[in-house]
Amino acid sequence: MIGEKNRILVVGGGSWATANIKMLTDNPVEKEISWWMRSEQAAEHIRQFGHNPNYLSSVEIRVPAKNISTNLKSLFGKADIVLLNVPAAFLKEALTDIKPEDFKGKKVVSAIKGIVPDENMIIAEFINQRYGVSFDDFMVISGPCHAEEVALEKLSYLTIASGDTELAAEFAGMLSTRYINTIVSDDIWGTEYAAVLKNVYAMASGICHGVGYGDNFQSVLISNAIRELERFVAAVHPIDRDIKESAYLGDLLVTAYSNFSRNRTFGNMIGKGYTVTAAQLEMNMVAEGYYAVNCLHEVNKQYKVPMPICSAVYAILYEKRSPVLEMKHLAGQLS
Ligand SMILES: NC(=O)C1=CN([C@@H]2O[C@H](COP(=O)(O)OP(=O)(O)OC[C@H]3O[C@@H](n4cnc5c(N)ncnc54)[C@H](OP(=O)(O)O)[C@@H]3O)[C@@H](O)[C@H]2O)C=CC1
Ligand SMILES: O=C(CO)COP(=O)(O)O
C-alpha cells in the first residue's frame with residue numbers, strides 16, 4: 001500500500017520527467033507532487049511561469065512552486081513514492097546526498113531505461129543493492145511511449161512492472177488518463193533489460209540509415225533484434241514471457257522507427273560520420289544506449305549470449321570501427 005497522501009517526488013528535469021509530471025497531474029487521483037531537478041535556473045523558471053524552459057516547453061506544469069527544488073534531500077523526507085527519472089549515467093551523482101535510511105518506508109519507481117555505469121546493474125538491482133529497497137517496493141515504468149507524444153496527448157500504453165503486482169496496479173491507477181492506458185506486469189528484469197536493449201537496437205537502426213541502408217534492411221535488422229533481445233533476457237532472467245508484448249516488442253518498434261527517438265537520431269549521426277562527442281553536443285538530449293552498450297558488453301561476459309547487433313554497435317562506438325564496414329559485417333550475420 002502506498003501512503004495515504006500519495007506524496008510523489010519526481011527526480012529529474014528532462015523530457016520524460018516532464019511528461020510523467022503531466023500524466024500524474026492530469027490523472028484525477030488526489031496526490032501531492034514535488035519535483036527535483038539539478039538546474040536552479042530551470043526550477044525558478046517553472047516556479048514563475050509554469051513551464052519547463054528546456055524540455056516539452058508547451059506542457060503546463062501544475063506543481064506548487066514551493067514543491068520544486070534543487071535540494072533533493074529536503075524533498076525526500078516529504079515523499080511516499082520516489083520516481084527516479086534522471087539518465088542512468090547520472091543517477092549516482094543525483095543521489096549523492098541520499099542514504100539507505102532515506103529510502104526506508106518508501107516505494108520507488110524507475111522511469112529510467114538504462115544501466116548504471118561501472119556497477120553494470122539495471123536500476124532495480126542498483127536500488128536494491130545500494131539502498132536496500134526490496135523488489136516488492138520497487139516498480140518500473142516502461143513501454144512504447146515518447147515524451148513528445150504524451151505532450152500531444154496521443155494515446156499511449158505504459159507497463160508498470162513490480163515484484164508486487166498489487167502495488168503496480170495501485171500506482172498504475174495514479175498514472176492512467178484519457179490518453180494513457182496502463183498494463184501491469186511482474187517481470188522487472190525482462191522489462192528493464194528489454195528497455196535497455198531496445199535503445200541499442202535503435203542506435204543500430206539509426207547507424208544503418210545513416211550509412212545508406214533502406215527500409216527493407218531495417219526490417220530484417222529489427223526482426224533479428226527482437227530475437228537477440230529474447231535470447232538475452234531469457235539468459236538473465238528465465239521466466240515464461242511473451243516477447244511480443246508492448247513492453248518488449250512494442251518498445252523496440254517505436255524507438256527503432258520513430259523520428260522522436262533520441263537513440264535512433266544519435267545512431268543516424270554516427271552513421272553519417274559524426275564523432276560521439278559531436279553527436280552528443282548536437283542532440284542536447286541523452287541517448288541512453290550509448291552508455292548501455294558498454295555496460296551490456298560487460299554484463300554479457302557472464303552470460304555469453306550471441307549478440308551480433310550489440311557487438312557491432314559496441315565496436316563502432318567504443319572501438320572506433322568504421323560504421324560502414326561494421327554494418328556490412330553485421331549484415332552477413334543476419335537472417
Ligand atoms: N524521452 C522519452 O520519451 C523517454 C525517456 N525515458 C528515459 O527517461 C530517462 C531520462 O531521459 P529524458 O527525460 O528523455 O532525458 P532528456 O534527454 O530529455 O534530458 C536529459 C536529462 O539529463 C540531464 N543531464 C544531462 N547531462 C547531465 C549530467 N552531466 N549530469 C546530470 N544530469 C544530466 C539533463 O539535465 P539538465 O537539463 O540540467 O542538463 C536532463 O534532465 C532516460 O533513462 C530515458 O531512457 C523513458 C521513456 C521515454
Ligand atoms: O524509451 C523511449 C520510448 O519508449 C525513448 O527512447 P528514444 O527516445 O531513444 O526512443
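How do the residues of the shell around ligand 1 divide into nonpolar, polar and charged?

Analyst: The model is a predicted one, and the description below should be read accordingly. The shell around ligand 1 divides into 13 nonpolar, nine polar and five charged residues. In total, 27 residues surround the ligand. The closest of these are G14, S15, W16, F90 and M285.

As to secondary structure, the element that gives the most to this shell is helix α1, which spans residues 15–26 and provides three residues. At the level of domains, the shell around ligand 1 draws on both domain 1 (7–186) and domain 2 (190–331), and the ligand therefore lies between them.

Most residues other than glycine have a negative phi. N6, although not a glycine, has a positive phi of about 50 degrees. This residue belongs to the segment before β1 (7–11). N6 counts as partly exposed because it has 18 C-beta neighbours inside 10 Å, where 20 or more would be required for a buried residue.

K320 likewise is not a glycine and has a positive phi, of about 55 degrees. Its place is in the loop that runs between α15 (308–318) and α16 (323–331). With 9 C-beta neighbours inside 10 Å, K320 counts as exposed, since the limit for that class is 12 or fewer.

How values were computed. Residues are numbered from 1 along each chain as its sequence is written. Chains are lettered from A and ligands numbered from 1 in the order in which they are written. This is a predicted model: local features need pLDDT of at least 70, side-chain atom pairs count only at pLDDT 80 or more; totals for chains, interfaces and linings use all residues. A residue is near a molecule or strand if its C-beta atom, placed from the backbone, lies within 6 Å of it. Helices (H or I, at least four residues) and strands (E, at least two) are DSSP runs, numbered from the N terminus. Ala, Val, Leu, Ile, Met, Phe, Trp, Tyr, Cys and Pro count as nonpolar, Asp, Glu, Lys and Arg as charged, and the others, Gly among them, as polar. Domain bounds come from an automatic or database domain assignment.
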